[in-house]
Amino acid sequence: MDIDFGMVIPYLPILFKAAGMTIVITVLSQAIGTVLGFFFALARLSDIAVLRGAVWTYVLIFRGTPMLLHLFYVYYAAPAVGITLEPFTAAIVAMSLSTTAYNCEILRAGLQAVPRGQIEAAQAVGMTWPRILRTIVIPQALRVIIVPYMTNFISHTKGSSLASVITVPELMLTAQMIYSSTYRAIEILTAAGAIYLILTSALTLAQLWLEKWLRYDERGLSSRRRRQLLLAASGNG
Amino acid sequence: MIEVAGLTKRFGENIQALAGIDLTVQPGEVVCLIGPSGSGKSTLLRSINFLDVPTSGVVRVAGKRVGFRDGVGRERRLGGREMAAQRAEIGMVFQLFQLWPHKSALENVILGLVEVRRLSTAEAARIGHELMAKVDLANKMDAFPEHLSGGQRQRVAIARALAMNPKVMLFDEPTSALDPELVGEVLAVMEKVASEGMTMVVATHEMGFARRVADRVVFMDQGRIVEQGTPEEIFGKPRHERLKRFLDRILV
């Protein structure tokens, strides 16, 4: 059989639409997993032992079992206890549960990397904990977090292909459907692979840009910020 | 201005950092704490603004009990907001500067004014400019801590503490992490602050500074105040054997 990549062209709109679904389930679950993961990370660092223990157990379970199993659980097992979800919703729930566990650990490591003295300096000028978190801890933690966070994001993007097994019409499932009717597995899978690579490359580029942006001392103050701070001096003189 | 009574601090079972400290600091007074490492100087300073929570004893700053609600009956710890408001009145300078590396020098100085005192950026920056000039760093406003020398960093840290217009300033070995040739510029700024009438408690190994600037020198050892007096008394005619030995070793 000849390999003919030209045959992919008529299927591109379908593949792109499927890629759109891949982006939606990945980004949505990653967003949920980031917010939840952040609060879980704070819980892991709290003084309340029960909270710490609960989150620790959560991470143990959801980082320690496959996301494929989470998807099956939410889609096939949950109906047995009366929870029936659409494939899309089930995918969001399962994928969020899974990535939350990873994000919790990544964010915790970042928050813990900020030296104690940095926080004490902020306490000493009279800042309250929420302000310290916002202005001192998070900005510094970002530098530590960015590489593992983006690594997990990329891994999660690829992992979203697992949602195909619960019939979410994302890129992998769509590719499978096309080649099972056209018998053009090489062409279609190559095209799907190329699309995945484009998506993950975009994240890689985003990571590079963020890393550069977070080197604050090399970047210096923005011209807007500098004007804002200097204006006061002229008003003074 | 500062009253410390019966202050003790234990870390865990075995370490008694403070073993009963009584100390009163008058408004405008400059007190230097001297003593060997581990004698409790840092812990005493950190207890005054409650970064270390005392095991027992009472600390008052400007008449107000630190860390606890004043009043009769059971002791009640202050909430986060009240504790923060109290700390804003107590300036602190750390041995390792602890400037925030993601902020420029000026931003370091004004962050408290913006976040705690709720001044506008413009107002805060105006005060920040004055303070940066005062610590002789008017040309380093936009520099990030990474690009400053140790002495410059510590001067920014002093400006940051002064920005809050505190009632007292605590200095925790402010020159111990500096190259010897940078010590002088930091001490000069501290001397200037002292001359303006600031109440200061300074843990230091700089005996020259203590002699020149201190109204009173307090010698600590093993979590206790062993001897205190004017610089002339402490350096001129020390009474306790331990202080004599300490001075012999340090003033070679």
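Is Ser164(A) buried or exposed? With a relative accessibility of 9%, Ser164(A) counts as buried, a term that stands for under 20% relative accessible area, while exposed stands for over 50% and partly exposed for what lies in between (1.4 Å probe, protein chains only). This is a predicted model, in which local features need pLDDT of at least 70 and side-chain atom pairs count only at pLDDT 80 or more, whereas totals for chains, interfaces and linings use all residues. Residues are numbered from 1 along each chain as its sequence is written, chains are lettered from A in the order in which they are written, and side-chain values use heavy atoms, with hydrogens and water left out.

**Surroundings of Ser164(A)**

- Ser164(A) sits in the loop between α6 (129-159) and α7 (171-182) of chain A, where helices (H or I, at least four residues) and strands (E, at least two) are DSSP runs numbered from the N terminus.
- The side chain of Ser164(A) reaches the backbone oxygen of Ser161(A) at 2.7 Å.
- Leaving aside residues up to four places away in sequence, Ser164(A) touches Glu170(A), Met172(A), Leu173(A) and Gln176(A), contact being heavy atoms within 4.5 Å.

**Strand β8 of chain B**

- Five of the five residues of strand β8 (residues 199-203) of chain B are buried, so this strand is largely enclosed by the rest of the structure.
- In a regular strand the side chains alternate between the two faces of the sheet.
- Both faces of β8(B) are covered, with Thr199(B), Val201(B) and Ala203(B) buried on one side and Met200(B) and Val202(B) buried on the other.
- Strand β3 (residues 30-34) of chain B runs parallel to β8(B) and is joined to it by four bridges, two strands being paired if DSSP finds at least two bridges between them; Met200(B) in β8(B) is the bridge partner of Val30(B).
- Strand β7 (residues 168-172) of chain B also pairs with β8(B) in the parallel sense, over five bridges, and here Leu170(B) stands opposite Val201(B).
- From β7(B) the chain crosses through helix α6 (residues 180-195) of chain B to β8(B) in a right-handed β-α-β crossover, which means that, with the strands pointing away from the viewer, the path from the first strand over the helix to the second runs clockwise.

**Interface of chains A and B**

- Contact between the chains involves 38 residues of chain B and 29 residues of chain A.
- Together the two chains bury about 2900 Å², 61% of it on carbon and sulfur atoms, where buried area is the accessible area (1.4 Å probe) that two parts lose on being put together, summed over both.
- Of the area that chain B buries against chain A, Trp100(B), His102(B) and Glu115(B) supply 21%, more than any other three residues.
- The rule finds five salt bridges across this interface, each a side-chain nitrogen of Lys or Arg within 4 Å of a carboxyl oxygen of Asp or Glu.
- Glu120(A) forms a salt bridge with Arg46(B), in which the closest N and O atoms are 2.7 Å apart.
- On the side of chain B that touches chain A, the elements giving two or more residues are α2 (80-87), β6 (90-93), α3 (105-115) and α4 (121-134) of chain B.

**Positive phi values**

- Most residues other than glycine have a negative phi.
- Tyr183(A), in the loop between α7 and α8 (185-213) of chain A, has a positive phi near 60 degrees, and at 64% relative accessibility Tyr183(A) counts as exposed.
- Asn165(B), in the loop between α5 (150-163) and β7 of chain B, has a positive phi near 55 degrees and is exposed, with a relative accessible area of 62%.

Key: Polar contact = N/O pair within 3.5 Å; in protein donor to acceptor, adjacent residues only side chain to side chain.
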